[in-house]
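Here's a quick briefing to read alongside the model. Have the sequence and the viewer open as you go.

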Amino acid sequence: MVNNVQLVFDGMLQDRSWQQPDQWCRRIDMLERLESWLVHHGDAGECALKSRIEDLVRELETINQQFYQSLRQDIQQGRGAASLLQWAAATPHDGDDESYDPLDTLVSGVLDLAEPGEVLDLAAEMVFYQPTPARHVFDFIKRASITVNDTVVDLGAGLGHVALLTAICTPARCIGIEWQRAYVASARQCAQALNIRNATFLAQDVREARLSEGTLFYLYTPFTGAMLRSVLDMLACEARHRTIRLCSLGPGTAVIAQEPWLSTDACTPHRPALFHSR
């Protein structure tokens, strides 16, 4: 095992093209492999080899942090859309499922969300929070053709990934509605730090929210059962007065697809589905 790791490690050092900023995806893969070895075999390995691997891990992390900081500066100065969309388009993906990949690591590093404070126990029919995989957020942004006339509302926004990235990459006003106040505090702090002025986060139950400003609503199956039914009825009421759009990802999509007041061109499993009111 040590000899195999030594060969891999030596290969990493011989070709140091991973130091280039655009090699961030490769660096993330290297970090995952090296950190996995340290966790599972580090204590049994040679001390000298372990020390060298730890040094390389620190170097990789430093380069990545510098890269993330350059992207944060682009966002703060209003150039975030070009930067993020460029890297999102260039990132290879293994499939269309809801797993995470290096693009999520990139987004996490760039947003640098503060660890939330006290998280409350979920109310009935609320779904445990998981962020939308970043590639699906960018897919949503690309396919939804969002304009300055849109107000994008993320229902059950969690830490705000969808609203933050949409606000960075489009001119739309973006609103995240989230029940967990600790999540909202982290999202607001991120928006302020990155100078994202078109993103707002509200700490409230979606069923008590005012939805009249929204033109495009996003749901990553944040709730089920009667709670989902209540929210869909609220949206149906909004659709009686104006045209609205919905984007859904996850198991809740099958329920939304049955709504008679909505239509869609296609519902592909494990990919955001776009609906519009009839």
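This is a predicted model: local features need pLDDT of at least 70, side-chain atom pairs count only at pLDDT 80 or more; totals for chains, interfaces and linings use all residues.

Residues are numbered from 1 along each chain as its sequence is written, and side-chain values use heavy atoms, with hydrogens and water left out.

- Seven strands make up an open sheet with mixed pairing, in the order 3-2-1-4-5-7-6.
- Strand 3 (199-203) and strand 6 (262-263) sit at the edges with a single partner strand each, so one side of each has no neighbour in the sheet.
- Helices (H or I, at least four residues) and strands (E, at least two) are DSSP runs, numbered from the N terminus; two strands pair if DSSP finds at least two bridges between them.
- Strand 1 (residues 151-155) runs parallel to strand 2 (residues 173-178), with five bridges between them; in one of the bridges, Asp-154 partners Gly-176 of strand 2.

**Cysteines**
- There are zero disulfides here, a disulfide being a pair of cysteine sulfur atoms within 2.5 Å.
- Cys-247 is in no disulfide, and its nearest cysteine sulfur, that of Cys-267, is 10 Å away.
- Cys-247 is buried at 0% relative accessibility, whereas Cys-47 is exposed at 67%. Buried means under 20% relative accessible area, exposed over 50%, and partly exposed in between (1.4 Å probe, protein chains only).

**Positive phi**
- Most residues other than glycine have a negative phi.
- Glu-125 isn't a glycine, yet has a positive phi of about 75°; it sits in the loop between helix 5 (102-111) and helix 6 (134-144) and is partly exposed at 32%.
- Ser-145, another non-glycine, has a positive phi near 50°; you'll find it in the loop between helix 6 and strand 1, exposed at 52%.

**Aromatic pairs**
- The count is five aromatic pairs: rings of Phe, Tyr and Trp (its six-membered ring) pair if their centres lie within 6.5 Å, with planes under 30 degrees apart stacked, over 60 edge-to-face and the rest tilted.
- Tyr-129 and Tyr-183 form a tilted pair, 5.2 Å centre to centre with 50° between the planes. Tyr-129 is in the loop between helix 5 and helix 6, and Tyr-183 is in helix 8, 54 residues apart.
- Phe-140 and Tyr-218 are tilted too, with centres 5.3 Å apart and planes at 50°. Phe-140 is in helix 6 and Tyr-218 in strand 4 (residues 216-219), so this pair ties together parts 78 residues apart in sequence; both residues are buried.
- Trp-24, Phe-67, Tyr-68 and Trp-87 are linked into a cluster by ring pairs.
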